[in-house]
Amino acid sequence: MKNFKLTVSREFGCNSREITKQLASRLGVTMYDKELVDRAAERAGIHPDSFQDIDKSILTSEERLTSFFGYGSTTNFYSDEAIKAQISIIRDIANQQKPAIFFGRCADFILREHPNTLNIFLYAPFEARKMHVMDAYNLDGPSAERMIKRIDRQRHNYYKYVTGINRSDRNLKHIMIDVDRFGEEKTVEIIHQIVQMEFGE
């Protein structure tokens, strides 16, 4: 199989992290997610804890979850040093001679000219995402709705700040899948088959 790179971006509430983990396991490749933030922080000389600069002891469950998932939620994420470091790390990993999956982190834009790259976008209707968030994080309906809207907004703003384009711009997306329509197992299977067809020997 060729030295491919996959990027996965998503709407919040699709269980996309679990889908990506299953895909990485199925393909036998490394998935890069939150460790990229730690590496970027280290390279930029920023302590990783400073990305979480809110006292979580005084936050509600909904607020703690929003802080955890909304990686554009603190000003440290927007520093030139942190952004440049993240871009550098993603490119360094992509230039290694082995397949990899990048989860979020504007990787679709950063690797837009990298060869053998497929950009995947996972989404679902708002109501389906709301039900998943309620079940997964034990939240009531209004709390789940607020959380989804806030995290989607944070991610959109961060993506726009880093890239200058909207996160929903289809020009950088090669595969877009409605997770609610196909389910998690079929979503993994669909992407796996496409990767086999595109990059298999």
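Visitor: How many aromatic pairs does the count come to here?

Guide: In this predicted model, the count comes to 4 aromatic pairs. One of them joins F4 and F199, and it is stacked.

Visitor: How is a pair of aromatic rings described?

Guide: A pair of aromatic rings is described by two things, the distance of the centres and the angle of the planes. For F4 and F199 these are 5.3 Å centre to centre and 10 degrees between the planes.

Visitor: Which parts does the pair of F4 and F199 tie together?

Guide: F4 belongs to the segment before β1 (5-10), while F199 is in helix α8 (residues 179-199), so the pair links parts 195 residues apart in sequence. F4 and F199 are both buried.

Visitor: Why is the pair of F12 and Y137 stacked?

Guide: Planes under 30 degrees apart count as stacked. The planes of F12 and Y137 are at 15 degrees, with the ring centres 6.5 Å apart, so this pair is stacked. F12 sits in the loop between β1 and α1 (16-27) and Y137 in helix α6 (residues 126-137), so parts 125 residues apart in sequence are tied together.

Visitor: Is F12 buried or exposed?

Guide: F12 is buried, at a relative accessible area of 4%. Y137 is partly exposed, at 24%.

Visitor: Where does R112 lie?

Guide: R112 is over the face of F109, 3.9 Å from the ring centre. Likewise, the charged end of R181 is over the ring of F182, at 5.2 Å from its centre.

Visitor: Over which residues is the pLDDT below 50?

Guide: Where pLDDT is low, the predicted coordinates should not be read in detail. The protein chain averages 84, but pLDDT is below 50 over residues 52-60 and stays under 50 over residues 66-73.

Definitions and conventions:
Residues are numbered from 1 along each chain as its sequence is written. This is a predicted model: local features need pLDDT of at least 70, side-chain atom pairs count only at pLDDT 80 or more; totals for chains, interfaces and linings use all residues. Side-chain values use heavy atoms; hydrogens and water are left out. pLDDT is the predictor's confidence in each residue, from 0 to 100. Contact means heavy atoms within 4.5 Å. Rings of Phe, Tyr and Trp (its six-membered ring) pair if their centres lie within 6.5 Å; planes under 30 degrees apart count as stacked, over 60 as edge-to-face and the rest as tilted. Helices (H or I, at least four residues) and strands (E, at least two) are DSSP runs, numbered from the N terminus. Buried means under 20% relative accessible area, exposed over 50%, partly exposed in between (1.4 Å probe, protein chains only). A charge sits over a ring if NZ of Lys or CZ of Arg is within 6 Å of the ring centre and within 35 degrees of the ring normal.
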